[in-house]
Amino acid sequence: MKSLATASLLLLLSVAPQAQDAISLAVRLESDYRIVPNVTYLTASNWDAKLDLYVTRTPDKPLPTLIWIHGGGWTGGTKESFSGIPAYLTMGMNIVNVEYRLARVAPAPAAVEDCRCALRWVIRHAKEYGIDVNRIVVGGGSAGGHLAMTTGMLTAAAGLDRLCPGPDNLKVAAIVNWYGISDVNELLDGPNMKPYAVTWLGSAPDREQIAKRVSPLTYVRAGLPPVLTIHGDADPTVPYTQSVRLHKALSDAGVVNELMTIPGGRHGFECCTAAQRANAYGKIREFLERNHILGTQKLPSSW
């Protein structure tokens, strides 16, 4: 609990122009949001999958909610690495910060299954935590961007919801994809082969079939939620061309989507300069407002 709260406060202090502004903002966040850390949403492979909640103190007034999924090539990373918490809180959103089984615990498609289970958990507990089920946004970076897309794009027919069965209501209002993988197969062989993808898929003889099954491009179709993709055109870890292909495929299918290209942007923290990052968050806010997920009011009305 202390580390999560401290990290958020340090981030606030780093982005506010004046110390007093940062303190005021921190007080307001503390007054309107509570932190519920390390809630187990699933047990699988003899491992407890956990999530953290940053949620309104007035659950009778449900808020739009971001489900955030961390990156790390499906082989590393932690939910505690998420540095964007203040940006989304100041948009007036709850945050559900999710971890999942990494490759060392279980290979593909385990991470995809886990994140779908996290979405079902959020829907089931929406009333308790003040979550508006009609305004759930799923987002993530890198492998987390991939998992955000599969979480929001999969159909029940894909057969990846059997770990946590329930009503076929796993729908989200939008997807925010920071430089996520949309074609896993491309990363298994050839010039774009990436060791992290090979590790996640393992040596199963049907690994190409599994990779296709967990690739967002497989599920592009009309009727998907709006998708915003943010990607640097100099990314050495996830090919920028994947996001270009995704953008075209979504557009051809009639899906509302945007590709925000970061000139010279690389991967992870190096995706953006401070100014580019600020522009990206501005784009996210505008995208969510235009798609009726956020109102024009950035902060909860009690502020």
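Predicted model: local features only at pLDDT ≥ 70, side-chain atom pairs only at ≥ 80, totals over all residues.
Biologist: How many residues are in the largest nonpolar core?
Modeller: It has 62. A nonpolar core here is a set of buried Ala, Val, Leu, Ile, Met, Phe, Trp, Tyr and Cys residues joined through side-chain atoms within 4.5 Å. Buried means under 20% relative accessible area, exposed over 50%, partly exposed in between (1.4 Å probe, protein chains only). Tyr41, Leu53, Trp74, Tyr100 and Trp200 have the most contacts inside this core.

Biologist: Which helix gives the most to this core?
Modeller: Helix α4, residues 110–124, with 9 residues. Helices (H or I, at least four residues) and strands (E, at least two) are DSSP runs, numbered from the N terminus.

Biologist: And what does Tyr100 touch?
Modeller: Leaving out residues up to four places away in sequence, its partners include Tyr41, Trp47, Ile69, Ala111, Cys115 and Leu147. Contact means heavy atoms within 4.5 Å. Apart from that core lies another, of 33 residues, with Phe82, Val137, Ala173 and Ile262 among them.

Biologist: Switching to rings. How many aromatic pairs are there?
Modeller: There are 9 aromatic pairs. Rings of Phe, Tyr and Trp (its six-membered ring) pair if their centres lie within 6.5 Å; planes under 30 degrees apart count as stacked, over 60 as edge-to-face and the rest as tilted. Trp68 and Phe82 are stacked, 4.3 Å centre to centre with 10° between the planes. Trp68 sits in strand β3 (residues 63–69), while Phe82 is in the loop between β3 and α3 (85–89), 14 residues apart.

Biologist: Is Trp68 buried or exposed?
Modeller: Trp68 is buried, at 10% relative accessible area. Phe82 is buried too, at 8%.

Biologist: What about Tyr88 and Tyr281?
Modeller: Their ring centres are 5.7 Å apart and their planes are at 85°, so the pair is edge-to-face. Tyr88 is in helix α3 and Tyr281 in helix α10 (residues 274–290), 193 residues apart. Tyr88 has a relative accessible area of 1%. Tyr281 is at 18% and still counts as buried.

Biologist: Which residues form one aromatic cluster?
Modeller: Trp68, Phe82, Tyr88, Trp178, Tyr179 and Tyr281.

Biologist: Back to α4. How do the axes of α4 and α6 cross?
Modeller: The axes of α4 and helix α6 (residues 143–153) come within 9 Å and cross at roughly 60°. Axes are lines fitted to C-alpha atoms, for helices over the stretch in contact, and angles run from 0 to 180 degrees between N-to-C directions. The contact involves Ala111, Val112, Cys115, Arg116 and Leu119 of α4, and His146, Leu147, Thr150 and Thr151 of α6.

Biologist: Last topic, backbone. Where is the cis peptide bond?
Modeller: It joins Ala108 and Pro109, with omega about 10°. Pro109 is in the loop between β4 (94–98) and α4.

Biologist: Which residues other than glycine have a positive phi?
Modeller: Asn38 is one of them, at about 55°. Asn38 lies in strand β1 (residues 33–44) and is partly exposed, at 40% relative accessible area. Tyr179 also has a positive phi, near 40°. Tyr179 is in the loop between β6 (174–178) and α7 (195–201) and counts as buried, at 10% relative accessibility.

Technical notes:
Residues numbered from 1 in each chain as written. Heavy atoms only, no water.
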